[in-house]
Amino acid sequence: MKFSTRIILTTTAIIVVMGLLTMISIHTVVQNALRRESSDKGLSLAQVTGESVANALLDGNWFVVQNTLDDLTANNPNLIFAYVIYPSETRVIHTLPTGFPADLLTANRLPFDQRASLRLLDTERGPVRDVAWRILDGLDAELHLGFSEQEIVRLVNQVTLIIAGLTFLGVLVGSVAALGLGRRITRPLEGLTAHALRLGQGHLDKTIDTARRDEIGDLARAFNQMARDLHTTITAMRRRNRELAALNAVATATSGPLDVQQALERALTQSLAALELSTGWVFLTNGGPPRLVTCVGLPAPVTHHALPGGFPDCLCGQVLRHGEPMMIQSLGEKCAAQGGVGLDGQPLRCHATVPVRAKGKILGVLSVASADPEQIGEEEMLLLEAVGRQMGVALENAQLWEELEAKERVRAELLAKVIRAQEEERKRIARELHDQTGQSLNALVFGLKTAEAILERDAARAGEVVARLRSAAADSVRELQTTIYDLRPSVLDDLGLIPALRWFAESRIQANGIAVTFDLRGPERRLPADIETALFRIAQEALTNVIKHASARHVHIVLDLGPEGVRLEIADDGIGFEVTQVFAVQGESERGLGLLGMRERAELLGGRWGVESRVGQGTRVHVEILVKR
């Protein structure tokens, strides 16, 4: 539906609704006013007539009453009937020529304590308002006057017809006005619609006449501004799409299990394609001189020049030192003088270099070159910087992937060794239970049978047997407790890390003739159970290595309970070892397995673990773990 049609329909609907509301309101107001006026007139006439016939009724002069009612009816055209009831319905004096209907007596009877009453009656002659009036207080006599309301209905209908006519006229006038207004509004809107269609087709250079100083003019100016903004946005989006295409190409090229050189070669090729260039190269540095990793578009005879100091105007060194992108546009003559560097016979006249970095660290440089100096501008430099960052991320990811693979190999090896160690520990526990505790329990069983057999013959000797059995049972309990403490000392759960470390040092280190000093720093307190268990196992492993491998005479244990974390340090004065060699042969080294286990326990809790050792200079194991409160 067109906008002009909507305006016409809306205007017509508003006029019709307002006309109907006005008609209903005036109809109600006029009708109520006329009825109120008729009621007031009837009450006044009934009062006057009642006073006129009161004496005649008291004297019983019915003739005077009848004449008065007849004169009243004759002088009032709207008066349909008049009658007097007196007394107690024994006599009815009326003006009805066809006889008095019986149901008229009860239509509007007055209660004895009421002076007047009004009621609208529905009769054959239309609506009639019956006005009842008590002639005298205390006298059972009523005067009833019936006024026709035909005139009121006629006047009200006449007013209603007039309002209906005015409403119809208003509809016609409003429709014509709405049609003109709609055309005046929609004509410029049609122009705006056509302009919007042209904008949708990409004609952003077209503008709309903005001479109008109303809302339509404001809308036209808004359309013109929108066209300019769209042009700017589309230009930026095209540039952004170009950047995203290049970055996506680099990300795609560097994804997958490729080595560094293959990944960079793909990334460089894709970047040059996105930039519509054909020449570029990448240098990498590992803390030493930059080395050429890959190049595209350079003639083979000049690749040996692609080194700092040898390649013409190569900016690798400056970019690596300062970390800022650089661009020169006067490369051609120098290239020709130093080896004839060129592309399709044309010298390279424009050269740009950006750093390849990740997390603030420069890993190398990315360079591109072109025979057209206008082909590399500010936008291309910004894109090259983004590509350089993406390459840096790819290089870092490749390094992290290699580290992760190495770590996963170590974890797998450690898990296998842990499983073997568990099986060995189970064998040891089973052997100890069989050889020691099992044998002791069997001896107790045989001793109890012996005591049972001797008890009946020699009670004193049976007491000696029971005493030996008690001693054997105590030895079995101690052996079992030793086995249980080797698995997990209950003192760790009951009293905490500090008593557990003291107990292990005294029962294991000092028992092997090694002196121990325990240095507790900070207020003594309990730590979370997982941290206490990890620190105890790290200390247990470190002290076990001291016993097995260090040949030490003294061990120094430091436990520092700081406000934000805990630090454990275990140092000995033993023979020491080369850390790198132990980790290099960790697949065959029992000590390497223990060191890896300690490191894994610390890293699982987000802590830092380290070991320092030199041959002949002892060993120091330290771990730090943050404690959340």
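Which strands does helix H12 lie across? Before turning to them, note that this is a predicted model, in which local features need pLDDT of at least 70, side-chain atom pairs count only at pLDDT 80 or more, and totals for chains, interfaces and linings use all residues. Residues are numbered from 1 along each chain as its sequence is written, and side-chain values use heavy atoms, with hydrogens and water left out.

Select residues 529–550 to display H12. Helices (H or I, at least four residues) and strands (E, at least two) are DSSP runs, numbered from the N terminus. H12 lies across E14, E15 and E17, and runs at about 5° to E15. Contact means heavy atoms within 4.5 Å; axes are lines fitted to C-alpha atoms, for helices over the stretch in contact, and angles run from 0 to 180 degrees between N-to-C directions.

Next, display the open sheet of 5 strands, ordered E13-E14-E15-E17-E16 with mixed pairing. Two strands pair if DSSP finds at least two bridges between them. Strand E13 (515–521) and E16 are the edges; each has a single partner strand, so one side of each lacks a neighbour in the sheet. On average, neighbouring strands are turned by 10° against each other, direction ignored.

Move to E13 and E14 (residues 554–561), which are parallel and share 7 bridges. Here Phe518 stands opposite Ile557 in E14.

Then select E15 (residues 565–572) and E17 (residues 619–626), an antiparallel pair joined by 8 bridges. Arg567 has Glu624 in E17 as its bridge partner.

Finish at E16 (residues 608–613), joined to E17 by 6 bridges in antiparallel fashion. Ser613 stands opposite Thr619 in E17. The two strands E16 and E17 form a hairpin with 5 residues between them, and Gly616 in the turn has a positive phi of about 80°.
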